Structure formats: structure tokens, C-alpha cells
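Colleague: Please take a close look at one part of this model for me. I would like the open sheet, strand by strand.

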Amino acid sequence: MFDIDPVTMSLSFILFGAVCAPFIYQSIQQTKKRKILLQKLSEIASQLNGKLIQTENWRNQYAIGIDPENKILAYIRSSEQPIAISIDLKQVKSAKINKINREVKIKKDKRIIVNYVSIELNYLLEGSQPTILEFYDAEFFTDLNGESVLAEKWVELISGLLVQNPSSKPIPTRLAASA
């Protein structure tokens with residue numbers, strides 16, 4: 001059996017705690033930021049009487065949430081130019097992903113680098129400007145962290161709630177009167 005000196009053991013625990021403390025502190029700070037971001041997101045949705053059922057946040061700067069029952073979408077970007085909006089999906093015609101790529105040639109290889117990922121929401125009302133919900137911008141981040149997949153997921157969620165063919169009207173049917 002090993003005999004461990006109490007002084008050595010105490011010193012080991014102190015050093016272990018000193019090494020772990022910054023990581024624990026960082027984790028606590030990120031959790032606080034995430035909670036504040038999601039709380040603000042819920043407040044934004046409540047402006048349109050929405051209660052968010054599904055939410056997502058990434059990079060501690062972006063958050064998106066949806067209320068499928070009331071068809072409300074809430075979005076926050078808390079970077080240098082903060083944006084906080086709630087959108088009534090009953091007024092949205094379509095949702096699509098926007099990706100801006102660039103091609104880089106390294107010797108004989110060609111690589112595609114993603115510079116920007118967003119969701120574009122187009123409205124039913126003619127002449128209204130689309131809303132752009134940014135998911136990734138290469139000016140602020142050096143690499144993608146799953147934002148493309150996340151944007152695709154949210155486009156599917158949003159598209160599933162949109163009014164399909166709002167301009168089409170039901171075809172009237174005539175009832176035959178019995179003689």
C-alpha cells in the first residue's frame with residue numbers, strides 16, 4: 001500500500017483546484033449569459049403573446065425560439081449591432097437559407113469557405129422588405145460551429161408553420177338538389 005503524506009495530498013488538492021477554477025468560472029459565466037439571452041428571447045416573444053416551446057442559442061450571442069401554436073418566431077443577436085425581433089409567422093410567405101461562399105485555391109485543390117449564413121423571411125404583403133436572421137458571419141468568427149445545419153433545421157421548422165398557397169381559394173362545389 002502507498003503511504004501518502006497529508007501535506008502532499010493537501011498541496012495536490014490545492015493545485016488541482018487552482019487549475020480547475022478558471023474552467024469552472026468560465027462555465028458559470030456562460031451559463032449566466034445563456035439564461036439571460038433566453039430570458040430576453042421569451043420577453044420578446046411575449047410582446048406578440050407568444051410562449052416559446054422550442055429555443056436554440058449558439059455562441060452566447062444568438063438565440064432563436066418558436067411558438068408553433070401562435071406562429072410566433074423570436075430572434076436575438078447580441079453582438080456589436082444588437083437585434084431583437086419577434087415575427088408573426090402568419091404574415092410570412094417563405095423562409096430560405098442564404099449562404100455566401102468564396103472559393104480558395106490552394107495549389108491544385110479548391111476549397112469553399114462559408115462567409116455568411118442567414119435565414120431570409122419573405123412576407124405575404126407585396127413590397128415589404130424581407131427579414132434577415134443572421135446565424136454566422138465570418139467577420140466576427142473564424143470558423144463555423146454547426147450554424148449551417150442549425151439554419152437548415154430552423155428553415156424546416158419555420159416552413160412547416162407557414163401558410164401554404166395563401167392566394168389560392170377553395171373551389172366552390174354545387175350541391176345537386178333532389179327532385
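Modeller: Here is the sheet, with its pairing and the helix across it. This is a predicted model, where local features need pLDDT of at least 70, side-chain atom pairs count only at pLDDT 80 or more, and totals for chains, interfaces and linings use all residues. Residues are numbered from 1 along each chain as its sequence is written, and side-chain values use heavy atoms, with hydrogens and water left out.

Three strands form the open sheet, in the order β5-β6-β7. Their pairing is antiparallel. Strands are DSSP runs (E, at least two residues), and helices are runs too (H or I, at least four), both numbered from the N terminus. Two strands pair if DSSP finds at least two bridges between them.

β5 (92–106) and β7 (131–137) stand at the edges. Each has a single partner strand, so one side of each is left without a neighbour in the sheet. On average, neighbouring strands are turned by 20° against each other, direction ignored. Axes here are lines fitted to C-alpha atoms, for helices over the stretch in contact, and angles run from 0 to 180 degrees between N-to-C directions.

Now the pairing of β5. It is joined to β6 (residues 109–123) by 14 bridges. The two run antiparallel. V104 stands opposite R111 in β6. In a regular strand, side chains alternate between the two faces of the sheet.

Last, the helix. α2 (residues 147–161) lies across β5, β6 and β7. α2 runs at about 160° to β5. Contact means heavy atoms within 4.5 Å.
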